[in-house]
Structures are given as structure tokens and as C-alpha cells.
Amino acid sequence: MEFHVIERSANAFQQGLTERQILAVARRAFGPGTEVRSSTELGGGLYNTTYRIDLAGREEPVVLRVAPEAGRQFHSEQELMRAEYASVPWLAPIADLMPRVLAADFTQAVIGRDWMIQSFLPGTPAPELLGSYPKEAHGALFRQLGEITAAVHAVAGPWFGPLTGPGHARWSEAVVTSLHLIAEDVASCGLDSADLRKAADAAQAGAQVLNEVAVPRLLTGDLWTVNTMLAAAPVPTICGVLDMDRTWWGDPEADWTMRMARAKQDARVAFFDSYDCPEETEAGAWRRHVYEVRHLGALRLERHRLGNTAGVEDSYGAVAEELAALI
């Protein structure tokens, strides 16, 4: 087997597999006689560890994604791979853009971690190719992102909260629970979480406003340009969507995609050419402040995981601004 890995420190969050482990996974998925010709670890992702696997007798490569060990996962990020697996039937409106799940094993019997094998999507990651197009063409990408997001948000679900449960009857319960879980994770890292707990209290006090959201909608979790593949075409053309492991049920305005679409007045404003937002209200604006605190709390955790001390510190000022609008 040709074996290509990304060198990481022993205490890095992402931990790779050995050749023996990759062979064991391949044989679990495709049978005891399976031969792995090559295994190449892929960069770009910050959570799961990902490999391109070439198998003897199979024309197309496959992609192996391996979750962190259970003990390394934050409580607010528990079993994300299982959530992605559960989301596949609900993401039927964009199935033509997504990789197919070829095998999955959540028993942890083979390597002590969850893993999933998917088909290999053609195309080039959008961050690598988008810059080759003139800026005036970039709107085409964001217009397509708006179409994709609208198709996902059109799917109604059985409850608010994680796809795999526990579900909540009211949106306020899902939001407050999520904020408390993020605060607990922040505290477990030895960081101050008081601001996130204040936000959770404010969300609880404003439960009536949150509960104006009565229908749980499918949220992408973190869909943006980094999760898309582009085809070779005269204008930016999305041909694939990756890593839908943070899907959950809630208010479309709480989706990371909506936050990013509003972040700058640049080519991304084309997103709203194809995504029809509801009319702006005072209640909707208040809810977005709650959602922004949740995003900032999750970013604080990710920055801590990556050793970005300055980014962690910056998050406190940003949360303070949102709290001022909430309390």
C-alpha cells in the first residue's frame, strides 16, 4: 500500500490511522479479500480525519472519513458523523450534489472510532478554484448556494434540535440547551463561560419570541464555500456539497449559512437573489442576536482546539456586543 499522511503532533486534535487500521476498515466495508493500493490523507477539514482510498479492482477512489475518539469530542459536538448519516434521507432535495454513503460503522469494533466511506466527488474545492474567476463572476456561486440552502430549509422535521435527538417540542428549549452545552464545553477547557450562560438566560427569558418559530426546518449546520466543489466551467458552478455533519432542526435564520451570507456586502449578496428571506421584524432581529452568540461560542471552542489564543480572546468582545442587544 502507498501510504501518505499529514504529519501532526502527538497531541493534535486530528489523529490519523495506521496502514493496518485502514486495511481493516476497507476489509470490513468491502470484504476480507480487499486490497488497498493507496491511502492519502486529505487536508482542508478541521474535525474528522479524511482519506482518499484507491482499491484494487475498483475504478473510482473512495473517501474514508474517521470521527475523533468519543472522549475527544465536545458535548456540544457529540457524534456528528452519526448525525450526518441520519441526515442523508432528509437531504434528498440535494442528493445529486452529495457523495453516496458506501459503508458506515458506528460499532467502534474495528478502530475504536466511528467511520464512514463515501463516493469520491469530482471537481475542485471552491476555495482553490474560485479565485481563478473574475470577481464579477463570483455571484454565480453564491446564487447557487442560495438555491441549495433554500432547498434544504424547505424540509420540515419532527422536532427541534439534533437530528438524532434528543428532540424538543419548542425552539426555545433547543436553543437554550445548545447554549448551555457550549458553555459547559468552554468551561471544561478552563475558559470563562459566564457570557454564554448569560446568553442562555436571556434566551430563556425571551422564550416566547424564540417560540414564534413553530416549524422545525432542516439546517445545513455549516454550509459555505469551503464545503463545496466546483466543476470546470465558464462561471463558478457547484457540482458537489460536502461534510453535512452539523445538520439540525430549527429556525433557518439560525443556520451558519445565513450568517455567512450576511457577513459582507460583496458578491455574496447574490445569495439572496435565489433565497427568499421573510420580512424583517424586531423579533427576528432579536433572535439573530441569540443565534450569533451560539455561533461565537462554537467558534470559541474551535479556536481553542486549534490553539488560536487571540481568536478566543476576540470572541469575548464579540459576545459582549450581542449580549448588549439581548439584555
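A charge sits over a ring if NZ of Lys or CZ of Arg is within 6 Å of the ring centre and within 35 degrees of the ring normal. Keep in mind that this is a predicted model.

With that cut-off, take Arg52: its charged end sits over the ring of Phe120, 4.9 Å from the ring centre. Another case is Arg305, whose charged end sits over the ring of Phe13, at 4.7 Å from the centre.

Now ring against ring. How many aromatic pairs does the structure hold? There are 10 aromatic pairs. One of them is Tyr85 with Phe106, an edge-to-face pair with 5.5 Å centre to centre and 85° between the planes. This pair links distant parts of the chain, 21 residues apart. Tyr85 is in helix H2, residues 80-87, while Phe106 is in the loop between strand E5 (101-105) and strand E6 (115-119).

Are these two residues buried or partly exposed? Tyr85 has a relative accessible area of 40%, so it is partly exposed. Phe106, at 23% relative accessibility, also counts as partly exposed.

Next, Phe142 and Trp224. The ring centres are 5.5 Å apart and the planes are at 35°, so this pair is tilted. Phe142 comes from helix H4, residues 139-153, and Trp224 from the loop between strand E9 (217-219) and strand E10 (228-230); the two are 82 residues apart. Both Phe142 and Trp224 are buried. They also belong to one aromatic cluster, together with Phe271, Phe272 and Tyr275.

Terms used: Residues are numbered from 1 along each chain as its sequence is written. This is a predicted model: local features need pLDDT of at least 70, side-chain atom pairs count only at pLDDT 80 or more; totals for chains, interfaces and linings use all residues. Side-chain values use heavy atoms; hydrogens and water are left out. Rings of Phe, Tyr and Trp (its six-membered ring) pair if their centres lie within 6.5 Å; planes under 30 degrees apart count as stacked, over 60 as edge-to-face and the rest as tilted. Helices (H or I, at least four residues) and strands (E, at least two) are DSSP runs, numbered from the N terminus. Buried means under 20% relative accessible area, exposed over 50%, partly exposed in between (1.4 Å probe, protein chains only).
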